[in-house]
Amino acid sequence: MEQDTTSVLPVSVAALQARRAKFEDIAIPALFLIDPKDSTVVVTETTEKAYPRWGAQIKELAIINSDHRSNHVIAGTLASPRTNKEFVDACLAFVARLGA
């Protein structure tokens, strides 16, 4: 099976920029949604270390335990249906903190 690799370079550049970023200077509110068992796509330990450094006053780190085989897809009727409500609740709570 042939795999589409068109996103490899843009994602690599984005990852490099993220590693160089000064998170303390970022004032944009952020919602981090992770599954600690996701080790195939995201290094959750890196996200957990970056979160406290995020400079925004409004930020949230939500831990969601996925049903997906790679633990990367944390919600969705087809991939991880059990976590849909938890995902939506986390998003709505975050938006409420924004005052929207």
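This is a predicted model: local features need pLDDT of at least 70, side-chain atom pairs count only at pLDDT 80 or more; totals for chains, interfaces and linings use all residues.

First, the cut-off I need: a residue is buried when its relative accessible area is under 20%, exposed when over 50%, and partly exposed in between. By that rule Asp 35 is buried, because its relative accessible area is 1%.

**Entry 1: salt bridges.** How many salt bridges does the structure hold? I get five. I went through some of them below.

**Entry 2: Glu 24 and Arg 53.** I looked up this pair and found their side chains in a salt bridge, 2.9 Å from N to O. Which parts of the chain does the pair link? Glu 24 sits in the loop between helix H1 (8–20) and strand S1 (30–34). Arg 53 sits in the loop between helix H2 (44–50) and strand S2 (59–63). The two are 29 residues apart, and the pair links distant parts of the chain. I then checked accessibility: Glu 24 comes out at 46% and Arg 53 at 36%. Glu 24 therefore counts as partly exposed, and so does Arg 53.

**Entry 3: Lys 37 and Asp 35.** Asp 35 forms a salt bridge with Lys 37, and their closest N and O atoms are 3.6 Å apart. Is Lys 37 buried or partly exposed? I have Lys 37 at a relative accessible area of 43%, so it is partly exposed, while Asp 35 at 1% is buried.

**Entry 4: Asn 71.** I wanted to know what touches this one. Asn 71 is in the loop between S2 and H3. Its relative accessibility is 13%, so it counts as buried. Leaving out residues up to four places away in sequence, Asn 71 touches Asp 35, Lys 37, Asp 38 and Ser 66.

**Entry 5: Asp 67 and Arg 82.** Another salt bridge: the closest N and O atoms of Asp 67 and Arg 82 are 2.9 Å apart. Both residues lie in the loop between S2 and helix H3 (84–98), so the pair ties together parts that are 15 residues apart in sequence. Asp 67 has 38% relative accessibility and therefore counts as partly exposed.

**Entry 6: a distance check.** I picked Ala 15, which has its place in helix H1. Ala 15 is partly exposed, with a relative accessible area of 30%. From Ala 15 to Arg 82 I get 30 Å, C-alpha to C-alpha, for 67 residues of separation in sequence.

Key. Residues are numbered from 1 along each chain as its sequence is written. Side-chain values use heavy atoms; hydrogens and water are left out. A salt bridge is a side-chain nitrogen of Lys or Arg within 4 Å of a carboxyl oxygen of Asp or Glu. Helices (H or I, at least four residues) and strands (E, at least two) are DSSP runs, numbered from the N terminus. Buried means under 20% relative accessible area, exposed over 50%, partly exposed in between (1.4 Å probe, protein chains only). Contact means heavy atoms within 4.5 Å.
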